[in-house]
Amino acid sequence: MPKIQAATNAEQREHTKHAILESFGQLLYQQGLTGLTMTHVARNAGIGRTAVYNYFADMGELLIAFTMDETDRFMRELHAELALVENPVDKLGVYVRAQLDDLSRRHIPPGPAMRTVLSPEDFQKLGAHVGSLRLVLIDILREAVADGWLPDGDLPEMGRLVHGSLASTADREANSEEDRAAHERHVRATVTFILRGLGARFDDEGSPVRLSEPAPALSLAS
């Protein structure tokens, strides 16, 4: 095991746990969940396989810890960005951009892949934790509809459509300047597509404007 410089045993344990989660995240991004083992994670982290089991009993527990850690980090960063914006349509743009940027850096497996590793109880617990992201989106949509920036609709359904679009259009992290420029164009196009698809309207300078008259609901769901 590599020597970890820490003032206390508790700090050393935290450093080691962080190294394991970082290793798992790197491998998950590079090769996906299929075939990934604790041995791979330990080797990539530069620590003994037995040490990994001191923190996580199996791959399912490691997957839960990683996903929760990633979700918590994303939520902190997202709330900090949202606090700088007042208009709910602009908040939606911040949300969409943040999701696309995050999805390009990390690859958390979709639900079906999660089910192959997790017990039904753990899958439900994880779903409730990740579901907090949907609540943030729903709150923004509710504010935008109530203040007349978006047409009314079934908010959970609108949220599912937004997340479905995000999952299907996310690209991987850009490394070169050309890749980063392409990624930025992709993000801007996706933000525009989603906001306009939700019914947002903009002035000639690209700033959101309230709907001049009630627009048809985006969903017939009651």
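**Close-up views of a predicted helical chain**

Lys91 has its place in helix α5, in a predicted model where local features need pLDDT of at least 70, side-chain atom pairs count only at pLDDT 80 or more, and totals for chains, interfaces and linings use all residues. Residues are numbered from 1 along each chain as its sequence is written, and side-chain values use heavy atoms, with hydrogens and water left out.

View 1. Helices here are DSSP runs of H or I with at least four residues, strands are runs of E with at least two, and both are numbered from the N terminus. Lys91 counts as buried because its relative accessible area is 16%, where buried means under 20% relative accessible area, exposed over 50% and partly exposed in between, with a 1.4 Å probe and protein chains only. Leaving aside residues up to four places away in sequence, Lys91 touches Leu82, Val85, Glu86, Ile140 and Glu143, a contact being heavy atoms within 4.5 Å.

**View 2. Gln99, also in helix α5.** Helix α5 covers residues 88–105 and includes Gln99. Is Gln99 buried or exposed? Gln99 is buried, because its relative accessibility is 8%. When residues up to four places away in sequence are not counted, the residues that Gln99 touches are Phe74, Leu133, His163 and Leu166.

**View 3. The packing of α5 and α8.** Two packed helices are described by the angle between their axes and the distance between the axes. The axes of α5 and α8 come within 10 Å and cross at roughly 35°; such axes are lines fitted to C-alpha atoms, for helices over the stretch in contact, and the angles run from 0 to 180 degrees between N-to-C directions. The crossing of α5 past α8 is right-handed, a term used if the near helix is turned clockwise from the far one by less than a right angle, with left-handed used if anticlockwise. On the α5 side the meeting residues are Tyr95, Val96, Gln99, Leu100 and Leu103, and on the α8 side they are His163, Leu166, Ala167 and Thr169.

**View 4. The packing of α5 and α9.** Helix α9 spans residues 177–197 and packs with α5 at an angle of about 140°, the two axes lying 10 Å apart. That angle makes α5 oblique to α9, since angles under 35 degrees count as roughly parallel, over 145 as roughly antiparallel, 65 to 115 as roughly perpendicular and the rest as oblique. The crossing of α5 and α9 is right-handed. Among the residues that make the contact are Val89, Leu92 and Val96 of α5, together with His183, Val187 and Ile194 of α9.

View 5. The ring centres of Phe24 and Phe66 are 5.3 Å apart and their planes stand at 75°, so the pair is edge-to-face. Because Phe24 lies in helix α1 (residues 9–31) and Phe66 in helix α4 (residues 59–82), the pair ties together parts that are 42 residues apart in sequence. Both Phe24 and Phe66 are buried.

**View 6. Leu161 in helix α8.** Leu161 belongs to helix α8, which covers residues 155–169, and is exposed, with a relative accessible area of 56%. From C-alpha to C-alpha, Leu161 and Gly197 are 9.9 Å apart in space, and they are 36 residues apart in sequence.

Key: Rings of Phe, Tyr and Trp (its six-membered ring) pair if their centres lie within 6.5 Å; planes under 30 degrees apart count as stacked, over 60 as edge-to-face and the rest as tilted.
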